[in-house]
Every structure is written in structure tokens, then in C-alpha cells.
Amino acid sequence: MDRVRHTAGLSWGRYPRATHTRILPVTWRSDPPPLEGVRETVLPHACGRSYGDSCLNAGGALLDATGLDRFISFDQAAGLLRCEAGVTLAEILALMVPRGWFLPVLPGTRWVSVGGAIANDIHGKNHHRAGSFGAHVTAFELLRSSGERLVCAPDRNPELFRATIGGLGLTGLILWAELRLVRVPGAGIAMERVRYPALGAFFELSAQDAEYEYTVAWVDCLARGRRLGRGVYMRGDHAELPGATPSPLRRPTLRVPADAPSLLLNRWTLSVFNAAYYVGAPRTLRRTVVPYDRFFFPLDGVDGWNRLYGPRGFVQYQCVVPEDHPEALRALLERVSHSGQAAGLGVLKRFGQAPPAGLLSFPRPGFTLAVDIAFRGERTLDLLEVLDTIVRHAGGAVYPAKDARMSAESFRAFFPHLEAFRAQADPRFSSSFWRRVSAA
Ligand SMILES: Cc1cc2nc3c(=O)[nH]c(=O)nc-3n(C[C@H](O)[C@H](O)[C@H](O)COP(=O)(O)OP(=O)(O)OC[C@H]3O[C@@H](n4cnc5c(N)ncnc54)[C@H](O)[C@@H]3O)c2cc1C
């Protein structure tokens, strides 16, 4: 309950804000709230780590899934973990890493629920090897608004299975799920890090991605001209960790106590920060073994860092463009850096060839770029619309989990299986995002 109370009217980007009619706690998977009697639309909500409005349902009700927080079973021989949908990835890591098991796909924060990870079919730094989260889900149970409960798997209710993976919480409430974990030698990541001077050098480095489990680059979104796209490239593999295993349930000691003044993150402060980050990284590949949490979740080190963007909040723009359109990536970075709108370090990565696990899955082959932009009203919305146009022309897509404003026209272009999905959506489930993008 605690987690949802903080985020019920807000998502991680704190834009937009929504008022909900009520929050219905879900505590027992055997006795979920009867949805037949609820007049307004409903939407599952868990940790609220989605940035925009896909986890909000303005004018409707939220189903707080965080109370579904129990582990159910673990098959040690097959690595199959069954747990309720509100269990967080942090809780799974805390239990499983000491036993030599790891989650097959991890996002940039550990405070994400299993249900949320399925509903956005999240991806990690190993998409080129492992595909998305949904590819490792072997089954789940779905509660529909009719009260019907359906076990879904690749060979059981397969249409609903494919629609629910990446289905944005619109096909029903996931009560529990079964995931296939992977074996690891320890709690470390053998990491290599190097700075690179421009986008061309990133393309060269990422051409070797297949040799490593995890790869990602932090990109300086303010760099222009011959420095466009410069950044710090990282890659890594699982390794033994000498010393203590990290404790993922530990809360950070650093905390942003209140909304920062919105002027704090301006072009000047961010340029200084970005330059320092770049210069501080090694010129040639340097290898160290680090605890896995430092490699995967650097932002989790500061509690409430999303408040740094001030009271108006921020948006994260994440898109993917096909590999044969590198000029689109260049154009996106140019637009962002010349817009003068505060965007600090972005994330750049090459997605692999894995087929999409769900009908509305975002990951697809190509380069994905994620950029934080402080929300400044129309100026920001205009910039994002220009970015959408570049992505549309390149045949790419924008990530719904991070979105708060894409048009219905863009959504249709980015997600060609929309009509097949609509046939599986639950008529009583809806979200602020869905009402916008599914408008005729
Ligand atoms: C710092 C940070 C880094 C991130 N890095 C990544 C990344 O690397 N890769 C990536 O893909 N994403 C990333 N994300 C986004 C995040 O992984 C997703 O938004 C994720 O879905 C959030 O899960 P949640 O538990 O917070 O769900 P919420 O945000 O509360 O909800 C997300 C969606 O899941 C649905 N949902 C939740 N529970 C259920 C349920 N039980 N049944 C059915 N539907 C449900 C909701 O209706 C909603 O549509 C990041 C987010 C942050 C804040």
C-alpha cells in the first residue's frame, strides 16, 4: 500500500498529474476485489516507475497490485520461479542471487514489480542476447473484469498471453507469474568502460556487442558538431564477486528531500556535469569487477532523484530506430542538443534481433535512445512531436512506458498490431495513455 500511496496521482516523471476516483487494494490472489460491481474503468498500478501516463487512469480507479507480494514456489532444477505480480525485482534479487540465480532481464531500477515488467515487456542491457522480459515468462494468471480467471502461457490462451505481455495493463490484472531465471557465477559484473568521442565511434564499439552479455552507453545529449553523440560505453558479463553480496532491499542514504527549483538543471550546470562525466571515464577500455547493483542501478543510489526536475516534472523520451537509419539517430541527437531544453545524459543501446514477445512490445531491432527532458509546456511538447516525426519516417517506435503525450496517429504507426491487441483488451480496463492513443 505504501508504494502506491506515494505514486497514485503521479508517475515517475511527475507529469501529467491525475485524479483517481479510488484505489482498490488487491491483497489476496485467491480473493481479489470483485470488479463486476465497479462502475468506472480500472487500471492495475504497482510501483509507479513508468514515467508518463500509461500507469495513470484519470477519472477512473486504480487496482493497487503491490499487496500481491508473496513468493509461491521455486523449481531449482529448471530455475522456474513463481510469485505474485506485486513482488519487486529487488525482492527477487535479494532472495535468488545468494542462491546463484539471476533475473534474465533487468531495467535501470530494481523498484519494478513483476506485473509492471510484464505489462511493459521491459528490456535491459542484454536485449541483444536475451530479448525482453516477456520472453522469459512461462505462465501467468489473469483476472478479467467479468471475474473470469485465466491461466495464460504460450500454449494456453496464447492470444491473451501475447496481448498481455507489453499490454500496458489493459487486458486484466495479472495475479501471479512464472519466470525462468538464469544461473550466474556470483554477484559481480566484470565491467569494461571507455569514453568515445562521437556517434561513429559508438557504432564501432557496439558492433562487438554480441560478445558480451550487457552493453550500454551513456551519451552526452548536449554535445554538438563533431562531438555529437559522444559518451561512455560500458559492457559486462556476470562474475564472482569477492566480498559481501549486495543487498538490493537496502534503501539509499542519499535522498532529494523536496522539489528542486526548476532552474537548477539548466544548460550550464548540465554541460559541466556531462563534461566531467565524460572526462572522468577512461580513454582506453578498463576492466573492473563491480557489485551487480552498481552496474545495473546507478540511479537507485539517490532516492527521489526525479524531484530534481522541479515541480513541473519531466518526460523521458525513448525511441528505437532501425539500424539502417543511423541518420535518424543523428537527427534526433541534433534536435535534442540544439533545442536548448535541459537534457543531461541519455542512454544509447543497440537492440538485438529477438522477435517481439508481445503484440505491443516496444523493443525491436535497431538503436534505442532515451533522453530526459524537463517539462516546459508547449516548448517541450513541440520538440517531442518533431522527434516523433523523425522516428516515424525511419520506421521506428516510441516507448509507451515513458510516454505522456504521443498522438493516436503516431501510436498506430509505431504499433502495427494495434487491432489484434484491441480484440484482447478488457473493455473495463483503461488508462489515461490508452484513451489518448486509441482515439479514432
Ligand atoms: C530509473 C528507471 C529506469 C528504468 N529503466 C528501464 C529500462 O532499462 N528498461 C525498461 O524497459 N524500462 C525501464 N524503466 C521503466 C519501468 O521498468 C517500467 O515502467 C515498469 O513497467 C514499471 O513497473 P511498475 O511496477 O512500477 O509498474 P507501474 O509503473 O505501476 O505500471 C506499469 C504498467 O504495468 C501495469 N501493471 C502493473 N501491475 C500489473 C498487474 N499486476 N497486472 C497487469 N498489469 C499491471 C500498469 O497498468 C501499467 O500499465 C525504468 C524506470 C525508471 C524509473
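Which residues do ring pairs link into a cluster? Select Phe102, Tyr214, Tyr292, Phe295, Phe296 and Phe297 to see them. Keep in mind that this is a predicted model.

**Confidence.** Colour by pLDDT. The protein averages 94, and 97% of the residues score at least 70. Helix α1 (residues 2–7) has the lowest confidence, with a mean of 49. Helix α3 (residues 114–119) has the highest, at 99.

**Aromatic pairs.** The count is 25 aromatic pairs. Start with Phe102 and Tyr292. Their ring centres are 5.2 Å apart and the planes meet at 90°, so this pair is edge-to-face. It joins distant parts of the chain: Phe102 sits in strand β6 (residues 101–102) and Tyr292 in helix α8 (residues 292–296), 190 residues apart. Phe102 and Tyr292 are buried.

Next, select Phe140 and Phe161. This pair is stacked, with 5.3 Å from centre to centre and 10° between the planes. Phe140 belongs to strand β7 (residues 137–143) and Phe161 to helix α5 (residues 158–164), 21 residues apart. Both are buried.

- Gly108: a backbone N or O atom lies 3.0 Å from a ligand nitrogen.
- Ser113: a side-chain N or O atom is 2.7 Å from a ligand oxygen.
- His123: a polar backbone atom is 2.8 Å from a ligand nitrogen.

Finish with a surface. On its own the ligand has 970 Å² of accessible area, and the protein covers 96% of that.

Note on methods: Residues numbered from 1 in each chain as written. Predicted model: local features only at pLDDT ≥ 70, side-chain atom pairs only at ≥ 80, totals over all residues. Heavy atoms only, no water. pLDDT = per-residue confidence, 0-100. Helix = DSSP H or I, 4+ residues; strand = E, 2+ residues; numbered from the N terminus. Polar contact = N/O pair within 3.5 Å; in protein donor to acceptor, adjacent residues only side chain to side chain. Areas by Shrake-Rupley, 256 points an atom, 1.4 Å probe, with all protein chains shown as cover. Phe/Tyr/Trp six-rings, centres within 6.5 Å; stacked < 30°, edge-to-face > 60°. Buried < 20%, exposed > 50% of the residue type's maximum accessible area, 1.4 Å probe, protein only.
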